Amino acid sequence: MAEPAKTPALTLTPTTPCGAMLPLRIGTLTLSEVDPGHLTAMAPRQGGALGAALSAAHGLDLPGPGRATGTDAARAIWFGRAHVLLMGPAPDPSLAAQAALTDISDGWAVVRLEGAGAAAVLARLTPIDLRPTVFPPGQTARTEVFHMQAAITRLADDAFLIMVFRSMSQTLVHDLRTAMEGVAARAGD
Amino acid sequence: MRITCPICGERDRREFYYQGDAVALRRPDPDDTPEDWDAYLHLRDNPAGVTRDLWYHEMGCGAWLVVTRNTVTHEVLGAVLASDAARGAA
Ligand SMILES: [Zn+2]
């Protein structure tokens, strides 16, 4: 009687949305992938007190429309009408009474574009006004990046956090790379 | 063309999806006449001038808006949240 076939050893390796495509360095600019940790969409309940719960549990101010609060370790990013994204920590259970929570971890590709000319790169891809007076650090927008639904947050004068659906990560990197190359090519102008 | 979203501020037209006449906010009651329902479903004005449409801020905040605009001059005269318009005198 034949020996039962041996199951080959199987190793599952997690991959990030952008995988080996990043990081990229072109001229003065870098594009790197961000591991955002947990992503939780929070839809505040009417009459609830999400702000107080978020502050008590995670030390984060609840951002109003177009604003983002927090640091790399934990952020709260306004994410559309009646939506705030919690990025980083797993949501504290106390939040559930104040907002409808949806785990969207791994659903988005998150990248960081940084360096002199970062705004010029994004200006090739998005219709929003990126001038520092209109879109300073701490400002965020739901908008488009070259036909993709996106969220753009300005972290610093020359640093942006850019999010698109995970399935579009390859297009995002391609479009950003093309724009970065264009800006770098004109750096001497 | 730019539309000022009440939530996001002034944005480029490409962020918005056009749905059609804001008549959708004036749905007849179930026992209204067939003529009312016929008009609601099928009859639209085609004004040369000011009109009100439903637009969706698809690439932005995801809000439905009632946009008032002029079909002759292409001016965008204003935009309010459809939820507010539906609650008020739509
Ligand atoms: Zn909007």
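Visitor: Which residues touch the most other members in the largest nonpolar core?

Guide: A nonpolar core is a set of buried Ala, Val, Leu, Ile, Met, Phe, Trp, Tyr and Cys residues joined through side-chain atoms within 4.5 Å. Buried means under 20% relative accessible area, exposed over 50%, and partly exposed in between (1.4 Å probe, protein chains only). In soluble globular proteins, nonpolar side chains tend to be buried together. Here the largest core has 31 residues, and Leu113(A), Phe160(A), Ile162(A) and Leu176(A) touch the most other members. The model is predicted: local features need pLDDT of at least 70, side-chain atom pairs count only at pLDDT 80 or more, and totals for chains, interfaces and linings use all residues. Residues are numbered from 1 along each chain as its sequence is written, chains are lettered from A and ligands numbered from 1 in the order in which they are written, and side-chain values use heavy atoms, with hydrogens and water left out.

Visitor: Which element gives the largest share of this core?

Guide: Helices (H or I, at least four residues) and strands (E, at least two) are DSSP runs, numbered from the N terminus. H3(A) gives the largest share of the core, six residues. Among the other elements of chain A that give two or more residues are strand E8 (108–114), helix H2 (118–123) and strand E11 (159–165). A separate core of 13 residues includes Ala68(A), Val110(A), Leu161(A) and Met163(A).

Visitor: What does Leu176(A) touch, leaving out residues up to four places away in sequence?

Guide: Contact means heavy atoms within 4.5 Å. On that criterion Leu176(A) touches Leu31(A), Val111(A), Leu113(A), Val121(A), Leu122(A), Leu125(A) and Ile162(A), not counting residues up to four places away in sequence.

Visitor: Which protein donors hold the zinc ion?

Guide: Donors are N, O and S atoms within 2.8 Å of the metal (3.2 Å for Na, K and Ca); water is not among the atoms, so sites may look incomplete. The protein donors here are Cys5(B) (SG), Cys8(B) (SG), His57(B) (ND1) and Cys61(B) (SG), at 2.0 to 2.5 Å from the zinc ion. Their spacing along the chain is C-x2-C-x48-H-x3-C. Cys8(B), in the loop between strand E1 (2–5) and strand E2 (9–12) of chain B, and Cys61(B), in the loop between strand E4 (50–56) and strand E5 (64–70), are 53 residues apart and link distant parts of the chain.

Visitor: What is the geometry of the site of the zinc ion?

Guide: Four donors count as tetrahedral if all angles lie between 85 and 135 degrees. The site of the zinc ion is tetrahedral, with angles of 102 to 116° among its four donor atoms.

Visitor: Is Glu15(B) buried or exposed?

Guide: Glu15(B) counts as buried because its relative accessibility is 0%. This residue lies in the loop between E2 and E3 of chain B.

Visitor: With which side chains does Glu15(B) make polar contacts?

Guide: A polar contact is a pair of N or O atoms within 3.5 Å; within protein, one must be able to donate a hydrogen and the other to accept it, and residues adjacent in sequence count only if both atoms are side-chain atoms. The side chain of Glu15(B) makes such contacts with the side chains of Thr143(A) at 2.5 Å and of His57(B) at 2.7 Å. Another polar contact, of 2.9 Å, joins the side chains of Glu15(B) and Arg11(B). Arg11(B) is in strand E2 of chain B and is buried, at 8% relative accessibility.

Technical notes. Four donors count as tetrahedral if all angles lie between 85 and 135 degrees; four count as square planar and six as octahedral if opposite donors are over 155 degrees apart and all others between 65 and 115; anything else is irregular.
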